[in-house]
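I opened my notebook to record, one item at a time, what I looked up in this structure. The entries follow the order in which I turned to each topic.

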Amino acid sequence: MKIALIGPGIMPIPPQGWGGVEHLIWNYYKEMTERGDEVVIINTKDMNEVVKTVNSGNFDAVHLHYDNYANVLPYLNCERKMITSHYPYLENPEPQYIFLFDLLKTSGSHIVCLSDRIQKEFLDRGNDSTNVSILPCGIDIDSYFIDDKDVLYPDRSIVVGKIEPRKRQSFLQHKGLNIDFIGNNSDGNFDIDDPCYFGEQSKEDIMENLTSYANMVLLSSGEAHPFVCLEGMAAGLGLVLSEQSTANLDTSQPFITVIPDDKLNDTEFLREQIESNRRVAMGMRKEIRQYCRDNFDWCAIINKYKEIIEKI
């Protein structure tokens, strides 16, 4: 199969640091190439270049990963066209972003959603069920080191990802919650002089060092399918999550703690839940990793991806 993956053209693929969409596209490329498929990444802001590359490439399928470029899809000569929106608030969009649903619907492409909750939004807004599929993120689990005996920081939690208001890292600072922070800062309210802030780390460092912590915290106000949760589980970490950060996860698992919306600002409640999750997760590290493997291994994700392509 020959497939074109179209990125935003904002940063390189693979990215040098943060870049969730770019990392996802790169993982698709690696996994499908290893299977013998021919995968071409088109990563540019120049829509003329996108049209030229696709229309001269004789592709079996094209997958756009940036909804801002949806208007280019009708100009692409390919029988199987797909689009995925990575906008984090698709489950509960602000009024100015309602247009995204019509934009994707009228693009003439198959809509690939990152979660069942996002799929439901598209169906509730009149999209044909045969034209909307679900495909969660996958992860190369064995790339992440796991230590289930000599954990370096069994009494600490980690928050990983771009630091921005919707992820509430600045709120979690200076509360005595024993939380460290990793990520590039885009929040003026975040204290970069906090000794618990370790800046942006390479993907390699994250793969090696995540397992030093007991659990991961993500109290975001909006997430499509947070890849960072898969990273945490691959490293054997428990998860403490906001309701909006639980896409595709079985929240009945004992190592996944969900903080109700009305408790997100209750510091003492957060402390109790985070500490309780640490204790549970520290005794389940192998089970956590296995849950991640059973549900998000790239092999199964790519198999489902090819099924979606074939049915278009």
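**Entry on the model.** I note before anything else that I am reading a predicted model.

**Entry on H23.** I looked up where H23 sits, and I found its place in helix α1, which covers residues 20-34. Is H23 buried or exposed? I wrote down a relative accessible area of 13%, and because buried means under 20%, H23 counts as buried. I then set aside its neighbours within four places in sequence and listed what H23 is in contact with, namely P15, G17 and K203.

**Entry on helix α10.** I turned to helix α10, residues 298-311, which has 14 residues and reaches 20 Å from its first C-alpha to its last, close to the 20 Å expected at 1.5 Å a residue. In α10 I marked W298, I301, I302, Y305, I308 and I309 as buried. Seen down the axis of α10, its buried residues fall within an arc of 115 degrees, and so they line one face of the helix.

**Entry on aromatic rings.** How many aromatic pairs are there? I noted a count of eleven aromatic pairs, taking ring centres within 6.5 Å as the cut-off. One of the pairs is W26 with Y29, which is stacked, at 5.0 Å centre to centre and with 15 degrees between the planes. Both W26 and Y29 lie in helix α1, three residues apart, which is about one turn of the helix. I looked up their accessibility as well: W26 is partly exposed at a relative accessible area of 24%, and Y29 is partly exposed at 26%. Another pair, Y66 with Y69, is edge-to-face, at 4.7 Å centre to centre and with 80 degrees between the planes. Here I recorded Y66 as partly exposed, with a relative accessible area of 21%, whereas Y69 counts as buried, at 12%. I also wrote down one aromatic cluster formed by Y28, W298 and Y305, and I noticed that W298 and Y305 are among the buried residues of α10.

**Entry on charges over rings.** Lastly I looked up K2, which lies over the face of F59 at 4.8 Å from the ring centre.

Conventions. Residues numbered from 1 in each chain as written. Predicted model: local features only at pLDDT ≥ 70, side-chain atom pairs only at ≥ 80, totals over all residues. Heavy atoms only, no water. Helix = DSSP H or I, 4+ residues; strand = E, 2+ residues; numbered from the N terminus. Buried < 20%, exposed > 50% of the residue type's maximum accessible area, 1.4 Å probe, protein only. Contact = heavy atoms within 4.5 Å. Expected span 1.5 Å × (residues − 1). Arc of directions from axis to C-beta. Phe/Tyr/Trp six-rings, centres within 6.5 Å; stacked < 30°, edge-to-face > 60°. Lys NZ or Arg CZ within 6 Å of the ring centre and 35° of its normal.
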